[in-house]
Amino acid sequence: MSQQPSKQRHLITVTNPRSPVSEAFRALRTNIDFSSVDKQIQIIMVTSSGPEEGKSTVTANLAAAYAQADKKVLLIDGDLRKPTAHKTFSLSNRAGLSSLLSQQAELEDVVQDSGVTNLSIMTSGPIPPNPAEMMASNRMSAVLQELRQRYDMILFDTPPLLAVTDAQIVASKSDGVIMVVSYGKVKRDIAAKAKANLDRVGAKMLGVVLNNVKRKASEGYYYYYYGN
């Protein structure tokens, strides 16, 4: 029996796949697929400059959009400070990424079924005292290398860029980055500073998701801008 996603993070790509917002996520998926000719985009990190900009909602819906395209997808909750994926998909968070990186669990123990076909979830696991060190570890690199062999797409939800260094570390291990910006909330210089942090680690910027742009009520509230 399929598990129903929590209402705390509305998975509109699953509950209303024909809506304009769902179509926007599919368009985002297509733009990512065509964003790189020379290198396959397989690990995507999603972040924001600050908190409460909608990055976790965007990550979950984009992951579902890839799963609907018959891709084998893993969503990793890499926010080891304020995790949300276990709430989004109504899953246990007793073991997850932190358990795997601290060698307290094996990969098979921390990957869970989302209830959405083709989409698996790795929750954050217990909040550790040293998230940045865990992300920078050789163990993290080895885990990602193994996951590349098992999944078509891996989406990594991380903490905000300007709050801690975790996201920069993950960006350096990813094939590309999407930054979510809340329209009317984040000033241009703050967003530019966040992007500069990504540039310092040589991250490939796939584009920006401009969130909470009010259009017609029937069209939802996401708007996408793509850029290099």
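This is a predicted model: local features need pLDDT of at least 70, side-chain atom pairs count only at pLDDT 80 or more; totals for chains, interfaces and linings use all residues.

Trainee: In what sense do strand 2 and strand 4 pair, and over how many bridges?

Mentor: Strand 2 (residues 73-77) and strand 4 (residues 119-122) pair in the parallel sense, over four bridges.

Trainee: And how many bridges does strand 2 make with strand 5?

Mentor: Five bridges, again in the parallel sense. Leu 75 has Leu 155 as its bridge partner in strand 5, and Ile 76 stands opposite Phe 156.

Trainee: Which residue is the bridge partner of Met 45 in strand 5?

Mentor: That's Phe 156. Strand 1 (residues 43-48) pairs with strand 5 in the parallel sense over four bridges.

Trainee: OK, burial next. How many residues of strand 2 are buried?

Mentor: Five of its five, so to speak a mostly covered strand. Val 73, Leu 75 and Asp 77 are buried on one side, and Leu 74 and Ile 76 are buried on the other.

Trainee: What about the faces of strand 5, covered or open?

Mentor: Both are covered. Met 153, Leu 155 and Asp 157 are buried on one side, with Ile 154 and Phe 156 buried on the other. In strand 5 (residues 153-157), five of five residues are buried.

Trainee: Switching topic: which residues have the most contacts inside the largest nonpolar core?

Mentor: Ile 76, Leu 97, Met 122, Leu 147 and Phe 156, in a core of 35 residues. Apart from that core lies another of 30 residues, which includes Ile 32, Ala 65, Leu 119 and Leu 155.

Trainee: What is Met 122 in contact with, leaving aside neighbours within four places in sequence?

Mentor: Its contacts include Leu 74, Leu 75, Ile 76 and Asp 77. Gly 96, Leu 97, Leu 100 and Leu 147 are also among them, as are Leu 107, Val 110 and Val 111.

Trainee: Last one, helix 2. How far does it reach from its first C-alpha to its last?

Mentor: Helix 2 (residues 20-33) reaches 20 Å with 14 residues, close to the 20 Å expected at 1.5 Å a residue.

Trainee: And which residues of helix 2 are buried?

Mentor: Val 21, Ser 22, Ala 24, Phe 25, Arg 26, Leu 28, Arg 29 and Ile 32. Ile 32 also belongs to that core of 30 residues.

Methods
Residues are numbered from 1 along each chain as its sequence is written. Side-chain values use heavy atoms; hydrogens and water are left out. Helices (H or I, at least four residues) and strands (E, at least two) are DSSP runs, numbered from the N terminus. The expected span of a helix is 1.5 Å times one less than its number of residues. Buried means under 20% relative accessible area, exposed over 50%, partly exposed in between (1.4 Å probe, protein chains only). Two strands pair if DSSP finds at least two bridges between them. A nonpolar core is a set of buried Ala, Val, Leu, Ile, Met, Phe, Trp, Tyr and Cys residues joined through side-chain atoms within 4.5 Å. Contact means heavy atoms within 4.5 Å.
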